[in-house]
Amino acid sequence: MFFKNLKKIAFLTVATVCTLPTMGQDLLARQAPIDRKMKAVDSMALRRLIQAESYESPAADLYNDWDNRYAHKATNLPDTFRINLRNFCMPTTNRVITSNFGSRWGRQHKGLDIKVYIGDTIRAAFSGKVRIVRYEGRGYGKYVVIRHNNGLETIYGHMSAQLVAENQEVRAGDPIGLGGNTGRSTGSHLHFETRLCGIALNPALMFDFRNQDVVDDYYVFRKSTYNRESAEATRLRGVAGGRSFGDDLDFADNSTPAARQKGTSSRSAAARFHKVSKGESLYSIARKRGTSVDAICKLNHISKSTRLRPGQILKYN
């Protein structure tokens with residue numbers, strides 16, 4: 001009897017040992033589809049996270065290094081690039097542009113000059129990280145370079161003081177310096193640059209200082225159309241005729257008759273200029289500027305039959 005019971009116990013033990021792996025295999029088999037689904041969910045979530053971070057900070061894909069030694073260094077510029085202009089702050093509340101982006105005095109002017117006074121607060125245009133805080137006696141003077149999450153780098157030159165340090169994180173609107181007249185400067189102003197991959201882009205494509213606003217929520221840079229768009233931006237939002245008038249600047253398109261007739265000071269007497277665009281004639285310019293063809297011809301010592309060239313500068317007052 002004892003041996004019979006022992007035999008039963010042994011049989012049950014063997015059966016149990018054999019059954020457990022089978023049950024474990026069944027559990028694993030049932031778990032496998034769940035694991036695959038969770039892995040797929042995790043992968044999708046990770047992809048969305050990467051895409052979101054890339055969307056918020058495309059600068060990571062544009063720049064391979066972080067260097068505090070140089071103000072700018074040209075790298076490979078993409079054929080197209082979408083720049084997020086939302087959550088911005090105008091670098092200064094001053095509205096007067098004294099010099100355009102582009103050719104000036106036989107050399108390229110890589111930014112906009114905005115009239116500010118010594119001690120005026122200069123603010124970060126977008127959130128980002130300060131890359132350069134330096135003094136350059138024969139150039140920018142006291143200047144700051146900030147790399148932004150939208151891919152741009154902005155440069156603020158000729159300041160009297162810098163209020164940030166290199167590698168400091170800043171938010172749009174944070175004070176970064178004070179207006180000044182340091183470096184290669186002929187009067188207190190802010191020299192403001194916008195660069196993509198080290199290449200200077202016309203700030204007027206993105207910033208409208210007269211209206212203290214950006215031109216849109218986004219600016220899409222395209223190599224194929226940039227030059228044409230830059231020229232149009234200068235025409236719409238730059239200094240009339242590309243000339244620098246300092247405090248005597250007169251935006252002819254926005255001035256009122258009362259303002260134009262006010263007093264006999266140098267401001268009311270300041271000459272005004274028109275930069276000829278493709279397709280314009282003496283008659284269309286005269287209508288646009290509220291003058292006569294005869295007056296334009298007399299001021300510029302030309303005749304009514306003179307053929308105008310795009311880019312030509314005409315005095316109209």
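Reader: What counts as a helix or a strand here?

Author: Both are DSSP runs, numbered from the N terminus: a helix is H or I over at least four residues, and a strand is E over at least two. K115, for instance, sits in strand β5, which covers residues 112-115.

Reader: And what sort of model is it?

Author: It is a predicted model, in which local features need pLDDT of at least 70 and side-chain atom pairs count only at pLDDT 80 or more, while totals for chains, interfaces and linings use all residues. Residues are numbered from 1 along each chain as its sequence is written, and side-chain values use heavy atoms, with hydrogens and water left out.

Reader: What is the mean pLDDT of the protein?

Author: The mean is 79, and 71% of the residues reach 70 or more; pLDDT is the predictor's confidence in each residue, from 0 to 100. Over residues 242-270 the pLDDT is below 50, and this stretch has 40 contacts in the model beyond near neighbours in sequence. A contact means heavy atoms within 4.5 Å. Where pLDDT is low, predicted coordinates should not be read in detail.

Reader: OK. How many helices and strands are there?

Author: The protein has 7 helices and 19 strands. Of the contacts between residues at least 6 apart in sequence, 66% join residues at least 24 apart.

Reader: How much of the protein is buried?

Author: Of its 317 residues, 40% are buried. Buried means under 20% relative accessible area, exposed means over 50%, and partly exposed is in between, using a 1.4 Å probe and protein chains only.

Reader: Back to K115. Is K115 buried or exposed?

Author: K115 counts as buried because its relative accessibility is 14%. A polar atom of the K115 side chain lies 3.3 Å from the backbone oxygen of S188.

Reader: Now E153. Where is E153, and which side chains does E153 make polar contacts with?

Author: E153 is in strand β9, residues 152-159, and is buried, with a relative accessible area of 4%. Its side chain makes a polar contact of 2.8 Å with the side chain of R131 and one of 2.7 Å with the side chain of R147. A polar contact is a pair of N or O atoms within 3.5 Å; within protein, one must be able to donate a hydrogen and the other to accept it, and residues adjacent in sequence count only if both atoms are side-chain atoms.

Reader: What else does E153 touch?

Author: Leaving out residues up to four places away in sequence, its contacts include Y63, A71, V145, H148 and E193. E153 and L196 are 43 residues apart in sequence, yet their C-alpha atoms are 6.4 Å apart in space.

Reader: R131 came up. Which side chain has a polar atom 2.5 Å from the backbone oxygen of R131?

Author: That of N68, a residue in the loop between α2 (59-62) and β1 (80-84). Beyond four places in sequence, N68 touches R131, I132, R134, E166 and N167.

Reader: What is the phi of N167?

Author: It is near 75°, a positive value in a residue other than glycine. Most residues other than glycine have a negative phi. N167 lies in the loop between β10 (161-162) and β11 (169-170) and is partly exposed, at 38% relative accessible area. H158 is not a glycine either, and has a positive phi of about 70°. H158 lies in strand β9 and counts as buried, at 5% relative accessibility.

Reader: Change of topic: how do α6 and α7 cross?

Author: The axes of α6 (residues 282-289) and α7 (residues 293-300) come within 9 Å and cross at roughly 105°. That makes α6 roughly perpendicular to α7. The axes are lines fitted to C-alpha atoms, for helices over the stretch in contact, and angles run from 0 to 180 degrees between N-to-C directions. Angles under 35 degrees count as roughly parallel, over 145 as roughly antiparallel, 65 to 115 as roughly perpendicular and the rest as oblique.

Reader: Which residues meet there?

Author: L282, Y283, I285 and A286 in α6 meet V293, I296 and C297 in α7. The contact has 7 nonpolar residues, no polar and no charged ones. Nonpolar covers Ala, Val, Leu, Ile, Met, Phe, Trp, Tyr, Cys and Pro; charged covers Asp, Glu, Lys and Arg; the others, Gly among them, are polar.

Reader: Last one: where is N202?

Author: N202 is in the loop between β14 (199-201) and β15 (207-208), and is buried at 0% relative accessibility. Its contacts beyond four places in sequence include F101, L112 and T234.
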